[in-house]
Amino acid sequence: MGSSVETLEFQAETRQLLRLVIHSIYSNKDIFLRELISNASDALDKLRLESLTDPDLGVDTSDLHIVLETDPDARTLTVRDNGIGMSRDDLVELIGTIAKSGTAGLLEKIKDADDPAAAQNLIGQFGVGFYSAFMVADRVTLRTRRAGGEEGTRWESDGEGTYEIEAVDGLPVGTSVTLHLKPADGEDGLADYLAEWKIRQIVKQYSDFIRWPIRMAVERADGDDATTSEVETLNSMKAIWARPRSEVTEAEYNEFYKQISHDWQDPAETIHMKAEGNFEYEALLFVPSQAPFDLYSRESKRGVQLYVKRVFIMDDCEALMPNYLRFVKGVVDAHDLSLNISREILQHDRQIRSVRRRLVKKVLGALKGVRNDDSGRYAELWSQYGRVLKEGLLEDTDNTEALLELVSADSTHDKGTTTTLREYVERMQDGQDTIYYLTGENRTTVENSPHMEAFAAKGYEVLILTDPVDEVWTDRVPAFDGHRLQSIAKGQVDLGGPTGEDEDAESGARRDEEFAALLPWLTTALSDEVKEVRLSSRLTTSAACVVGDAQDMTPTLEKMYRAMGQEMPPVKRILELNPTHPLITALRTAHGANADDVALKEIAELVYGSALLAEGGDLPDPARL
């Protein structure tokens, strides 16, 4: 025993922090063991580094490890390491006070916060790991000796405002933290932290990939109603993301993917990356072969786990991956974050945003690589994730071009395969500068739409878009590679004359004169349904079709909003007529002979209703038709 026991008071800010940690901050008390193991791991790292730079340190680094010890009779749990250790001054500075600028102001904000969640957001800005021990312990005893020092130190406190400190002889190099545990209390979230299964569970969840062995003596029955004690390593220490890619086999990647995703299939794509510099991290990401069943559920979780120096921090880290890449599984291990960082702080962290940008580019680049190298495999991936990737065109303007390169769609070019926008552009006709598309419920409806007639007659390829999200992103994205995207069911389409054939100015003027009386009459007769009736250049065989203005909302999108409970004002569309169709020419002749004939109004309704039906639309009054 060294000098006499000295009783000191915690710094005022430290007392406030202790109260917050014990009573307010953490909803999951299990993390105390994660924090203590992480501190021990840091101490081992520091000893290893210092032994390399200081040959005179005189320590044995051949078996650096962490030991967990339980004593059921005394109700104590001890976390012991043979790391760098601490001197008396280290203890007073690191544990008795909070030597951090701005701490008093931060604690003032925490004190003013009304709810624990707000307090946790603030406190996550600096480490408070050691203090979490007081959530589960009435008293904490710490014994330590710094490497290179002769004298050890004992520190003890009940977390109420004071602590005892004394010099102790005969301690080994390293640190032991002994927790005098509170009784288990399920209602208060206090588990039995002496139970072997509970300790295993916490280590497996939070500290499995710590690089140093975490050992514990466990009791084993020997078959004769007697037990023997054996030391077992609880963690795997196999953080394959920290190994060079050249040293990891495909089988190891696949096994790790199955472990973190609970999937039985191998991943479709593996992305292993490492970043060095101001903010170091490793990432190991996977694209599953099959979409998860809850991909389109509101409760769907994102699949990227966050680690800090191999210590598990959180599942489903939203700050690391955008919503449209929620199917990506994997881990990101950052070296320079606090263990206590909250989800809210992550969302606003500049370095995390930079990591996210790079991860997104890596994932999109990997998918593009599959598209370029193996079109069959890419078609499978697109069938699984195409709809959700197109959500990115609404959310991620920074990567619009990269996402457009991935878009794959049915088209009139080949019924048996999909096409990319790049392939469409390469097949465009001479003089064509527009990418044409048509949205609808299914391929059959779109192919049989009257809007297709002139395009088919003149050999123009049209993209067939049948996902609900297609109704939205095509309005948000103006062009691809300098080529405008245009719906053939919206706006004016110039393919030549009224039936898609080239015509001279004289023929056009004569045709306009022939229909000069009928078109305004029809516009008035159908004013409840349409805002204009005009001649069409997109019809060859049908009598009429219904189109929208270039900026109008499509009927399908209108229905989608209504289904979500958003009442939308009705959008009047435009009725286009085929001036060469016998029904339309007969209607023109009949109108010229007797414009007051009541039957003409009903024929006009039939023309409009038939056009609606032909595009798969809903009739306002089917019985009347």
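This is a predicted model: local features need pLDDT of at least 70, side-chain atom pairs count only at pLDDT 80 or more; totals for chains, interfaces and linings use all residues.
Visitor: Which residue in β20 is the bridge partner of tyrosine 437?
Guide: Strand β17 covers residues 434-439, and strand β20 covers residues 483-487. The two run parallel, joined by four bridges. In β20, tyrosine 437 has as its bridge partner serine 487.

Visitor: How many salt bridges are there?
Guide: Side chains of opposite charge can pair when their charged atoms come close. The cut-off here is a Lys or Arg side-chain nitrogen within 4 Å of an Asp or Glu carboxyl oxygen. By this rule the count of salt bridges is 41.

Visitor: Arginine 538 and glutamate 576 form a salt bridge; how many residues apart in sequence are the parts it ties together?
Guide: The closest N and O atoms of arginine 538 and glutamate 576 are 2.8 Å apart. Arginine 538 sits in the loop between β21 (530-535) and β22 (544-547), while glutamate 576 belongs to strand β23 (residues 573-577). The pair therefore ties together parts whose separation in sequence is 38 residues.

Visitor: Is arginine 538 buried or exposed?
Guide: Buried means under 20% relative accessible area. Glutamate 576, its salt-bridge partner, has 2% and is buried. Arginine 538 has 1% relative accessibility, so it counts as buried.

Visitor: Arginine 220 meets glutamate 196 in a salt bridge; what is the N to O distance?
Guide: Arginine 220 is in strand β8 (residues 214-221) and glutamate 196 is in helix α6 (residues 196-206), 24 residues apart. Arginine 220 is partly exposed at 28% relative accessibility. Glutamate 196 is partly exposed at 27%. Their N to O distance is 3.5 Å.

Visitor: Which helix holds leucine 606?
Guide: Leu606, Leu613 and Leu625 make a nonpolar surface patch of about 250 Å². Leucine 606 is partly exposed, with 40% relative accessible area. Its helix, residues 598-614, is α20.

Visitor: Is arginine 350 buried or exposed?
Guide: Arg350 gathers with Arg353, Arg357 and Lys361 in a surface patch of positive charge. Arginine 350 belongs to helix α9 (residues 350-373). Its relative accessibility is 61%, so arginine 350 counts as exposed.

Terms used
Residues are numbered from 1 along each chain as its sequence is written. Side-chain values use heavy atoms; hydrogens and water are left out. Patches are made of residues with over 30% relative accessible area and no salt bridge: like charges are joined within 9 Å, nonpolar side chains (Val, Leu, Ile, Met, Phe, Trp, Tyr) within 5 Å. Accessible areas come from the Shrake-Rupley method with a 1.4 Å probe; for residues, only the protein chains shown count as cover. Lys and Arg count as positive and Asp and Glu as negative; His and the chain ends are not counted. The place of a charge is taken as NZ of Lys, CZ of Arg, CG of Asp or CD of Glu. Buried means under 20% relative accessible area, exposed over 50%, partly exposed in between (1.4 Å probe, protein chains only). Two strands pair if DSSP finds at least two bridges between them.
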